[in-house]
Protein chains: 2
Amino acid sequence: MNPERLKMSAESLPIDISFLEKKRHEVDKLLDKYLPSAEAYPDRLHKAMRYSVLAGGKRVRPILAMTAYEAFGGNDPQIINPVACALEFVHTYSLIHDDLPCMDDDDLRRGQPTLHRRFDEATAVLAGDALHVLAFQMAARSGSTRVVQELAEAIGTYGMLGGQMADVEAEGKHNTLEQIQFIHTHKTGALIKASIRMGAILAGVDEGSLRKLSHYGEKIGLAFQIIDDLLDIQGEVRKMGKPSGSDCRNQKATYPGTVGLERARKDAGQLIDEAIMISREFNAKGEYFALIARFVGQREN
Amino acid sequence: MNPERLKMSAESLPIDISFLEKKRHEVDKLLDKYLPSAEAYPDRLHKAMRYSVLAGGKRVRPILAMTAYEAFGGNDPQIINPVACALEFVHTYSLIHDDLPCMDDDDLRRGQPTLHRRFDEATAVLAGDALHVLAFQMAARSGSTRVVQELAEAIGTYGMLGGQMADVEAEGKHNTLEQIQFIHTHKTGALIKASIRMGAILAGVDEGSLRKLSHYGEKIGLAFQIIDDLLDIQGEVRKMGKPSGSDCRNQKATYPGTVGLERARKDAGQLIDEAIMISREFNAKGEYFALIARFVGQREN
């Protein structure tokens, strides 16, 4: 699709993405480092984990955690790096289980066969489980049980898994905007919000700023998923790396499917604008948050 | 089967199981308390979690953690109780995913339909995931990231999941005793050993005792799985709550399948004897560990 069509009302100044590119490469290297070696037994399982995590991705969650940590004065990579990678491991585990035949039954992910297609279903179930537990191992390296609990709450039944269950239940039904918002804020939003919170907590953020950051996280989390839905409907296989319109084929509950394309674009734009407004309250610290919000608003895949 | 046939060479004094019964009831109550309410949304997912966890079980892992904690002077239920339940949540999650059609494809568990039979496959995948994350949420309540890491290592790819992957790969092949021992010490043994270690660590055990306890855990962990295999081959549906001989049907790698019934019985008995010997090194403290070892050696389901 033409990226212009997604710019919506969000500020469309050209954004300097070199900061994001640099962070993304840093995260890619760290993920490779923290993943078990493909040679170590059980090598089949380790290869499967590496296949899914290293297939690429925007690494939005680790970047958010690192940015929040650094913005609030954190400066120990030994603490933030494993936590940042934990977020990507969780994200990947959720995609692997979501793609399974009994769930979305997807054949492609990021332009490659999904894990159960490339390996087999049993390996995909176990590799998802393995990334799930690796995430907690990494989160615990921070030495903060509060951060472990933040992660667990964000991805538990009152967070991400609740959203996934609601998504499964919503399939093929008529859904209200309220239901769609519940699915999105839980399935995608909770982990995005937690990414920012965990980074900031590790840096020793004050409670007032943490509350503001949480609101920022909620805005970009919901915007992120609405844009995902829009890209899924309108996108091309080449750009998305998955069959366009697969949500439609599965009769999945989507935001644009409920409110229409125009309204969905408008709402996403407004959420991005609101996230940028919150970023400004942090003055210089907020610069990178504003940048990330604009990036989310303008992404093409 | 006749329980006499399992007593092997292990000490066969009548054991006072009232201590274990009392603990088991305590654990059952705690599990009910820590599980999300069946009425809370996503209720389908919460009902599924409760269905599997509350279907019964020996609660060996929580009892081991509590016993180790108390033996080494721990006295704060707020710390040990959530950790003890975390171990049962992990155990149940692993059974749910193990029973899935793409894994063992089992229809019965503890005399009831397996979760994916009673609900559906998608719900079973998500309920397993939900118990996995709930376990880490509970473990983090202890305030000890060391304990969170112990749990993660025990159930990661170098522990339980490594054993599960090896088990999947071993199916239908001829396996050496070494391979079977690898599967058993990882798939079952790692979590049993960790249960004891986590309880003792939370009580502030010294490193020397922790090493001894780990050896004890390794012995009863392996014995536990050999006896499981023996019961599976010889047991009755009524007692086991799953079709007898299902491991055989799936051509699973089993200990008696490799060394024969007599040798398997002898080896399990010897492991129990060795565990009891280690227990004695702890003097009065070791009394309960000896009791648990004897219970493992004489169990009928």
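Reader: What share of the contacts in chain A with a separation of 6 or more is between residues 24 or more positions apart?

Author: Such pairs make up 73% of those contacts. Please keep in mind that this is a predicted model. In it, chain A has 15 helices and 2 strands, and 55% of its 301 residues count as buried.

Reader: How do you know how confident the predictor is about chain A?

Author: The mean pLDDT of chain A is 90, on a scale from 0 to 100, and 89% of its residues reach 70 or more. Residues 1-13 of chain A are another matter, with pLDDT below 50; that stretch still has 27 contacts in the model beyond near neighbours in sequence. For the model, the scores are ipTM 0.92 and pTM 0.92.

Reader: What makes the relation of chain A to chain B that of a two-fold axis?

Author: Chain A is superposed on chain B by a rotation of 180° with 0.0 Å of shift along the axis, and the RMSD is 0.0 Å. That is why the relation is the one of a two-fold axis. Within chain A, the residue that comes closest to this rotation axis is A:Thr145, whose C-alpha lies at 2.9 Å. Both copies use the same surface, since 100% of the contact residues of chain A recur in chain B.

Reader: How many residues does each chain bring to the contact, and which helix of chain A gives the most?

Author: Chain A brings 38 residues and chain B brings 38 residues. In chain A, helices H2 (43-53), H6 (121-140), H7 (145-155) and H8 (160-170) each supply at least two residues to the side that touches chain B. H6(A) gives the most, with 12 residues. By type, this side of chain A divides into 21 nonpolar, 12 polar and 5 charged residues.

Reader: Why is B:Met49 called buried?

Author: A residue is buried if 20 or more other C-beta atoms lie within 10 Å of its own. B:Met49 has 26 C-beta neighbours inside 10 Å, so B:Met49 counts as buried. B:Met49 sits in helix H2 (residues 43-53) of chain B. Beyond its neighbours within four places in sequence, B:Met49 is in contact with B:Leu35, B:Pro36, B:Ala127, B:Ala130 and B:Leu131.

Reader: How do you know that the span of helix H15 of chain A agrees with what it should be?

Author: The expected span is 1.5 Å times one less than the number of residues. H15(A) has 12 residues (287-298) and should therefore span 16 Å; its end C-alpha atoms are 17 Å apart, which agrees.

Reader: And what makes H15(A) mostly covered?

Author: Of its 12 residues, 9 are buried. Among them are A:Tyr288, A:Phe289, A:Ile292, A:Arg294 and A:Val296. The cover over the buried residues of H15(A) includes helices H1 (18-34), H3 (60-71), H10 (207-234) and H14 (261-280) of chain A.

Reader: Which residues have the most contacts inside the largest nonpolar core?

Author: They are A:Ala65 and B:Ala65, in a core of 184 residues. Leaving aside neighbours within four places in sequence, the residues in contact with A:Ala65 include A:Ile80, A:Val83, A:Leu87, A:Ile196 and A:Met198.

Terms used
Residues numbered from 1 in each chain as written. Chains lettered and ligands numbered in written order. Predicted model: local features only at pLDDT ≥ 70, side-chain atom pairs only at ≥ 80, totals over all residues. Contact = placed C-beta atoms within 7 Å. Helix = DSSP H or I, 4+ residues; strand = E, 2+ residues; numbered from the N terminus. Nonpolar A, V, L, I, M, F, W, Y, C, P; charged D, E, K, R; others polar. Least-squares fit on C-alpha atoms with pLDDT ≥ 70 in both. Core = buried A, V, L, I, M, F, W, Y, C linked by C-beta atoms within 7 Å.
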